[in-house]
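Here's a quick tour for anyone meeting this structure for the first time. Have a look at the sequence and the model, then read on.

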Amino acid sequence: MMAAFSSRGPNLADPELLKPDLTAPGVNILAAWTGITSPSREGSDKRRVLFNFDSGTSMACPHVSGLAALLISRHKEWSPAAIKSAMMTTAYNLDNRGSPIKDVSHGGPATPFAIGSGHVDIQKASDPGLLYDIHPHEYLHYLCSLKYSSSQIALFDPNFKCPKRTTMQPGDLNYPSFAVRFKSDAHNVTITYRRTVTNVGNPPVGTYKVQVQEPKGILVRVKPSILSFKMHGQKLRYKVSFTAIRRIIESDNSSFGSLTWVFGKYMVRSPIAVTWI
């Protein structure tokens with residue numbers, strides 16, 4: 001179950017970048033404990049312990065950090081973005097009874113605004129099939145699409161200048177998830193994002209077919225719908241278009257779905273979150 005205290009989306013800094021990314025164990029975790037304070041944190045409690053049970057994102061983060069270190073030890077050539085992609089696209093959304101992971105805050109299934117891509121699965125993440133990688137310069141162009149000033153960009157790279165004409169939109173960052181915003185009166189309005197995937201599967205020759213779970217009120221089209229790889233490390237591009245058919249009137253004006261590339265044992269899944277504003 002998804003803890004009620006966990007941070008929720010959408011991403012206020014950039015609504016076209018889905019957050020959170022994923023979830024990990026963070027409730028009643030046995031961890032090392034400081035000797036400065038008692039296990040109850042009460043001043044009247046004079047006990048001191050080496051370990052204690054605690055809950056919070058500060059418990060989940062070390063799990064993910066440790067898993068990332070394990071992945072790097074196995075795939076030393078992978079970038080940080082590739083590591084994140086592997087964990088996100090292989091995360092699971094079903095509990096140990098085969099039902100959708102629930103959100104304690106409302107009792108229903110956890111949405112991508114609560115669980116992100118899902119619960120991290122290190123075994124599958126070590127062999128994800130495809131990766132959504134991001135080169136450092138792509139982040140700079142992403143900041144340009146967010147209208148960062150020259151002085152702000154210079155904090156990251158003093159030699160980089162935003163191009164005068166750019167066709168990149170924030171949603172084009174090669175992220176392993178999709179967040180789409182439509183105006184409340186949008187009808188037959190289409191937003192298109194671009195993605196590039198890198199083949200790291202085994203066997204290296206394979207054909208991936210797309211499977212889409214469309215969010216309510218949205219028509220999703222992927223071109224091409226089949227990606228055929230001939231070698232390890234090969235990169236292929238695709239476009240995904242989201243067309244607003246009707247607005248979903250719910251408490252948060254959002255609907256959710258997924259886009260999955262499937263080949264043999266591989267299911268490379270990306271969550272989709274659509275919001276009407």
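Which strand is F53 found in? F53 sits in strand 2, which covers residues 51-54. Keep in mind that this is a predicted model. From here, we'll go from the surface patch to the aromatic pairs.

**On the surface**
- F53 counts as exposed, because its relative accessibility is 53% and the cut-off for exposed is over 50%.
- F53 also belongs to a nonpolar surface patch, together with L30, L50 and F51.

**Aromatic pairs**
- The count of aromatic pairs comes to eight.
- One of them is Y193 with F242: the ring centres are 5.9 Å apart and the planes meet at 65°, so this pair is edge-to-face.
- That pair links distant parts of the chain, with Y193 in strand 5 (residues 189-199) and F242 in strand 9 (residues 235-244), 49 residues apart.
- Both Y193 and F242 are buried.
- Y238 and W261 make an edge-to-face pair too, because their ring centres lie 5.0 Å apart with the planes at 65°.
- Since Y238 is in strand 9 and W261 is in strand 10 (residues 254-263), this pair ties together parts 23 residues apart in sequence.
- Y238 counts as buried because its relative accessibility is 2%, and W261 is buried with a relative accessible area of 0%.

**A ring cluster**
- Y208, F229, F263 and Y266 are linked into a cluster by ring pairs.

How values were computed. Residues are numbered from 1 along each chain as its sequence is written. This is a predicted model: local features need pLDDT of at least 70, side-chain atom pairs count only at pLDDT 80 or more; totals for chains, interfaces and linings use all residues. Side-chain values use heavy atoms; hydrogens and water are left out. Patches are made of residues with over 30% relative accessible area and no salt bridge: like charges are joined within 9 Å, nonpolar side chains (Val, Leu, Ile, Met, Phe, Trp, Tyr) within 5 Å. Accessible areas come from the Shrake-Rupley method with a 1.4 Å probe; for residues, only the protein chains shown count as cover. A salt bridge is a side-chain nitrogen of Lys or Arg within 4 Å of a carboxyl oxygen of Asp or Glu. Helices (H or I, at least four residues) and strands (E, at least two) are DSSP runs, numbered from the N terminus. Buried means under 20% relative accessible area, exposed over 50%, partly exposed in between (1.4 Å probe, protein chains only). Rings of Phe, Tyr and Trp (its six-membered ring) pair if their centres lie within 6.5 Å; planes under 30 degrees apart count as stacked, over 60 as edge-to-face and the rest as tilted.
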